[in-house]
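Colleague: Please take me through one part of this model closely. I would like to see how a single residue sits in its surroundings.

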Amino acid sequence: MSTKATNPTPNKLRVGVIFGGRSGEHEVSLRSAEAVINALDRSKYEVVPIAINKHGKWLASREATNLLPSSVMQTADQAVAIFGDPTERGLARLDQAGEREQLDVIFPVLHGTYGEDGTIQGLFEMADVAYVGCGVLASACGMDKVVMKCLFREAGLPIVPYTHFLRTQWEADPLRIETRVSEEIGFPCFVKPANLGSSVGISKATDLKSLNAAIALAAKFDRKLIVEKGINAREIEFSVLGNDEPVASLPGEIVPQTADFYDYTTKYISDNGARLVIPAELAPEQTAQFQQLAGRVFQAIDGAGLGRVDFFLEKETGEIFVNEINTMPGFTSISMYPKLWEASGLGYSALIDKLIELALERHREKARNVTSYE
């Protein structure tokens, strides 16, 4: 097998867009990938779609594109395989002639476990390839809500009361867990899988009966569960962009119309489940305070590239609480992350350009590290 030393289209970056994945957010990833692939400027980029199916199998570009809606812009790529040896300095595809074509940058449009939790980022690091988004540590910490909140607390960031436990602890002594939640957190509260996003497996508990049902649901998705105190608050979100010096967008507010909270159906299925207010109605000094906090949240996990920081603004007291950071927020046509940047003056295609630029910048900075000692 021969190896091409250079990109045959030197004026274009070869971008591998990875989507799907073995996660409860597989379908969300497909929607995000549809928007990203269609928005990539073909005069700048050669797009290589790469899918991972629900069973964890990696699919070649032709098969990958078939997973996406017919509205996805078809690429000229007809490679018959995805990777050669990923340890040969960079990830690559094999073209129809069996020649190795190195990918310049990876855009992992993967949400949830096995994509947003540091696992695939570790593969990219081992292969020494530039990639969009947070690194291994930030991705892992951003996925695990318990570790995330520990870091927020250490950084002096305001968070709501919470407790956590393992699925096996719940199964061994449910009464003990019920007592702990009742005494430490109280009702209403929200029960969540510690390692998942898009509100998958999350439900609100208002008494012991609903608490049991909520824990049983969350336990289907993760071995670690977290319970957070419910507060009467507005949900305010900021998009963050950058590496060492991140900047925050204008604020957005999610106003659920029919659901009790911003659940999976409201986010991705219902047409009238929630109203997105962009920009959110905040005083200028409040916006500035939120933006400063969003940057601190991003830096608390050592974020890179992008993140969406979600806050609670208590309606009666005006207190601000950090809810979480999402290190690979949704990129669907209705997702808050790109909408906030659009309102801030950065359009969808320009946003993708900037994210690729940040990925290459981060990769160059890491390349300065010495990896041997003599």
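Modeller: Start with the surface. The accessible surface of the chain is about 16700 Å², and carbon and sulfur atoms hold 50% of it. Keep in mind that this is a predicted model. The chain has 12 helices and 17 strands. Of its 374 residues, 53% count as buried.

Now go to Arg 308. This residue lies in strand 16, which covers residues 305-314. Is Arg 308 buried or exposed? Arg 308 counts as buried because its relative accessibility is 10%, and the cut-off for buried is under 20%.

Next, look at what surrounds Arg 308. Its side chain makes a polar contact of 3.2 Å with the side chain of Glu 237. Setting aside residues up to four places away in sequence, Arg 308 also touches others, including Phe 238, Glu 324, Pro 329, Met 336 and Tyr 337. Contacts across the sequence matter for the whole chain too: among contacts with a separation of 6 or more, 66% join residues 24 or more positions apart.

Then step back to the nonpolar cores. The largest has 33 residues, and Val 17, Phe 19, Phe 107 and Phe 331 touch the most other members. Helix 12 gives the most to this core, with six residues.

Technical notes
Residues numbered from 1 in each chain as written. Predicted model: local features only at pLDDT ≥ 70, side-chain atom pairs only at ≥ 80, totals over all residues. Heavy atoms only, no water. Helix = DSSP H or I, 4+ residues; strand = E, 2+ residues; numbered from the N terminus. Buried < 20%, exposed > 50% of the residue type's maximum accessible area, 1.4 Å probe, protein only. Polar contact = N/O pair within 3.5 Å; in protein donor to acceptor, adjacent residues only side chain to side chain. Contact = heavy atoms within 4.5 Å. Areas by Shrake-Rupley, 256 points an atom, 1.4 Å probe, with all protein chains shown as cover. Core = buried A, V, L, I, M, F, W, Y, C linked by side-chain atoms within 4.5 Å.
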